[in-house]
Amino acid sequence: MLVEVALPLPLFTTFSYRADGSYTNPIVPGARVVVPFRNRNEIGVCVGLTEVEDEARRYKSVVEVPDAEPAISSAMLELCRWMASYYVVPIGVVLRGALPAALTGAETPTPSQKTRRVVVIANELASLMHRDRIFARSKQQRALFELLESLGGRSPVEHLVERLSFSASVLKGLVARNLVTIEEEIVIRDPFAARPALTTRRHSPTPDQQRAIDTISAGAPGEVFLLHGITGSGKTLVYIEVLERIVRQRGQSAIVLVPEIALTPQTVDRFRHVFGDAIAVLHSALSDGERYDAWLALRRGEKRIAVGARSAIFAPLANLGAIIVDEEHEGSYKQGESPRYHAREVAILRARNEGALVVLGSATPSLESWTNATSGKYRRLSLPDRVGGGRLPSIDVVNMRRTPMRESQAPPDPFTLVVSDPLEQALRDRLAKGEQSILLLNRRGYAAFVQCSQCGDVTTCPNCTISLTYHRTPERLVCHYCQHKEEPSPRCRRCDGDTLRRRGLGTQQVERLLSERFPSARVSRMDVDTTTGKWAHADILDRVGRGEVDILLGTQMIAKGLDFPNVTLVGVIDADVGINLPDFRSSERCFQLLSQVAGRAGRGPKGGHVLIQTRVPTHHAVVCAVAHDYSRFVEQELEGRREPAYPPMTRLANVVFSGLRENETQQLAAYSAERLRRALAPYGGEISVIGPAPCPVERVKTRWRWHLLIKSTNPALLTRACRFLVEKLKVPKDRSQLRVALDRDPVSLL
Ligand code: ADP
Ligand code: ZN
């Protein structure tokens with residue numbers, strides 16, 4: 001018999017092996033197999049079996065079959081097949097991404113599990129007389145034995161010896177007398193168990209929430225709901241009540257996707273509060289072993305709800321009843337490397353295959369999902385009001401466009417250039433009242449870039465066409481694309497002038513200015529640089545929750561999901577960061593960010609206020625965010641994506657060519673565009689190829705980048721165009737190490 005094996009290699013083919021050994025486990029589709037490949041062993045997945053052998057070929061044999069039950073269920077295999085064909089990625093690469101890392105190493109095909117030693121009572125001592133006699137001269141043994149009885153007959157050795165200070169010799173004595181035995185027990189490693197439990201009670205749903213809960217629960221298998229609920233409308237409670245019915249009442253399982261689990265400890269805590277041990281949290285801080293434990297617990301049905309970021313969509317759950325995608329508009333649902341899948345789209349496919357419901361929740365739905373709801377493909381549900389009588393915060397705009405300075409004027413105070421008068425007053429007022437504030441600046445570091453004021457030269461990264469960001473602690477210039485770091489030089493590299501100026505703002509600088517202006521305020525900064533530790537996010541947010549922080553300053557990390565009733569002020573230091581990026585989604589992202597961060601204010605009875613500082617107060621993303629007017633934003637934004645067409649008005653694939661040398665890279669892009677245009681000629685106006693052009697960021701990590709856009713409203717035709725590029729195009733193997741990367745439904749064109 002021949003086994004078709006998918007290996008995690010960038011090759012669009014599967015490999016045939018002979019199954020002629022005696023294996024401990026059966027070879028079936030979905031089972032992992034260890035096979036020889038180029039002088040080493042690899043782990044692949046069996047994707048099919050055939051009896052027909054090609055006489056002329058010599059086959060190698062499968063070495064080992066580690067799974068008693070296939071690691072990939074048949075439903076999961078079907079999903080991975082769809083992903084492979086839609087995203088035009090080798091199936092082996094998709095399958096590897098669907099498995100926990102611990103199951104992908106050929107050296108240890110069956111990962112070890114953590115165990116602990118447990119003492120178990122072996123002989124009951126029924127009569128008191130018997131007991132008196134046995135323990136006549138060993139009071140300590142009796143105490144330990146009776147303690148074990150009170151603990152239900154078993155307890156970890158560690159607990160008895162370390163926590164309760166019984167000596168090991170007492171335990172040995174009991175073992176020697178056959179009164180107890182010691183067993184090995186598998187422990188599930190769950191770092192979340194240490195988080196304190198919530199004490200708040202669960203609210204009863206409002207009529208709007210109830211309507212959403214009832215409609216979703218009555219949904220047909222595979223149905224998709226778009227839950228459009230403004231910030232603070234209580235979407236989490238809707239998710240929880242829906243899961244209550246699906247998981248507790250119907251006995252099914254469910255997946256909850258959140259954009260980034262480290263950023264949403266509050267949401268996760270709420271789910272844990274209600275479902276406790278039924279939940280596996282797939283946190284990015286889990287070790288491979290912990291992740292594997294969670295995977296096993298889900299597979300065995302011991303845990304029936306998986307909560308996690310995008311890869312949780314592959315949770316090995318049977319009898320799936322619902323998939324919830326919280327903040328469905330978030331770009332982090334798209335994977336940045338192969339396979340470049342979008343977890344929201346995979347969720348919809350998986351749910352359709354397995355008969356589950358999908359709930360996409362957001363205050364600012366993606367234009368794609370909104371359009372699908374308008375066309376009737378998804379069903380729209382609205383939560384138009386804040387719960388608990390809360391109101392949306394009032395928003396004011398502060399125009400930061402300054403009139404040019406006159407010579408005679410004294411140089412302005414740097415603080416006032418960053419924080420306007422109204423914002424300073426508002427902060428002062430909150431500090432005086434003991435209320436909390438959130439400040440957003442979506443740029444980390446100290447200064448955005450360093451520029452020579454004589455020749456105008458901006459210090460850029462040697463590997464990327466991106467300016468270096470100035471960081472103060474520790475003092476370095478850092479590339480936010482490739483992490484290149486260098487010492488700031490005192491003189492300009494180009495003209496040797498000594499007037500290097502730091503321009504543009506970063507969070508470090510704002511933090512410094514704030515602590516100078518408000519010396520007694522407790523300021524906490526949250527950005528990539530302050531959250532490198534595993535639980536750093538949760539630690540900062542827990543401190544805010546306990547009222548130990550007056551001003552929380554941060555990048556877009558602080559815009560999501562936070563629910564602190566004592567936050568009555570939100571300030572946006574510079575709304576214009578990113579608004580003019582050459583990407584068709586830059587306005588949408590700006591609108592979402594402003595709406596989301598504004599939504600952190602006024603979640604309690606004290607109400608809230610938002611101040612947005614901008615130089616473009618008339619930009620529609622700003623205007624609509626200020627007016628809390630999602631529909632108007634969508635209307636205007638959709639209009640802008642008509643001509644030239646961009647999603648959701650058309651479908652898109654971005655093809656990025658990269659290489660070490662610019663010339664070869666450009667030539668490959670041009671040649672590919674021409675071949676593709678010729679191949680697509682018969683389809684005329686149905687599909688178009690735009691470019692080639694240099695990518696907006698032309699060079700990243702020493703590689704030059706050119707790209708092509710393929711646009712079509714016909715998804716099948718787009719798939720064929722992508723296949724053509726991947727299968728028919730020969731990428732020359734030369735010194736420029738050329739590569740082609742295909743990104744279907746891209747979230748960013750940078
Ligand atoms: P969203 O995710 O829609 O922004 P949340 O789910 O975070 O909103 O809910 C906002 C706040 O309202 C939370 O503190 C939550 O406990 C509370 N809440 C939710 N539903 C109700 C309700 N029916 N009655 C009172 N408070 C509620
Ligand atoms: Zn760089």
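## Close-up views of a predicted model

**View 1. Strands E19 and E20 pair in the antiparallel sense.** Strand E19 covers residues 476-478, and two bridges link E19 to E20. Strands (E, at least two residues) and helices (H or I, at least four) are DSSP runs, numbered from the N terminus. Two strands pair if DSSP finds at least two bridges between them. Val 478 has Lys 485 in E20 as its bridge partner. The open sheet here has three strands, in the order E18-E19-E20, with antiparallel pairing. Its edge strands are E18 (469-471) and E20 (485-486), and each of these pairs on one side only.

This is a predicted model: local features need pLDDT of at least 70, side-chain atom pairs count only at pLDDT 80 or more, and totals for chains, interfaces and linings use all residues. Residues are numbered from 1 along each chain as its sequence is written, chains are lettered from A and ligands numbered from 1 in the order in which they are written, and side-chain values use heavy atoms, with hydrogens and water left out.

**View 2. Four cysteines coordinate the zinc ion (ligand 2).** The donor atoms are the SG atoms of Cys 461, Cys 464, Cys 479 and Cys 482, at 2.2 to 2.4 Å. Donors are N, O and S atoms within 2.8 Å of the metal (3.2 Å for Na, K and Ca); water is not among the atoms, so sites may look incomplete. In sequence, the donor residues follow the spacing C-x2-C-x14-C-x2-C. What is the geometry of the site of the zinc ion (ligand 2)? The site is tetrahedral, with angles of 104 to 114 degrees among the four donor atoms. Four donors count as tetrahedral if all angles lie between 85 and 135 degrees. The ideal angle for four tetrahedral donors is 109.5 degrees. Cys 461 and Cys 464 are both buried, where buried means under 20% relative accessible area, exposed over 50%, and partly exposed in between (1.4 Å probe, protein chains only).

**View 3. Strands E22 and E23 run parallel.** Four bridges join E22 (residues 523-526) to E23 (residues 551-554). From E22 the chain passes through helix H16 (residues 536-545) to E23, in a right-handed β-α-β crossover. Right-handed means that, with the strands pointing away from the viewer, the path from the first strand over the helix to the second runs clockwise. Met 526 stands opposite Gly 554 in E23.

**View 4. Ligand 1 is surrounded by 17 residues.** The closest are Ser 204, Gln 209, Gly 232, Asp 563 and Arg 603. A residue counts as near a molecule if one of its heavy atoms lies within 4 Å of it. A polar backbone atom of Ser 204 is 2.9 Å from a nitrogen atom of ligand 1. A polar side-chain atom of Arg 270 lies 3.2 Å from an oxygen atom of ligand 1.

**View 5. Two peptide bonds are shown in the cis form.** The bond from Ser 338 to Pro 339 has omega near -5 degrees. Pro 339 sits in the loop between strand E12 (320-326) and helix H11 (343-354). The bond from Pro 647 to Pro 648 has omega near 5 degrees. Pro 648 is in the loop between helix H19 (630-640) and strand E26 (651-659).

**View 6. Asn 178 has a positive phi although it is not a glycine.** Its phi is about 60 degrees. Asn 178 lies in the loop between helix H6 (168-176) and strand E7 (180-186). Is Asn 178 buried or exposed? Asn 178 counts as exposed because its relative accessibility is 53%.

How values were computed: Tetrahedral: all angles 85-135°; square planar, octahedral: opposite > 155°, others 65-115°. Polar contact = N/O pair within 3.5 Å; in protein donor to acceptor, adjacent residues only side chain to side chain.
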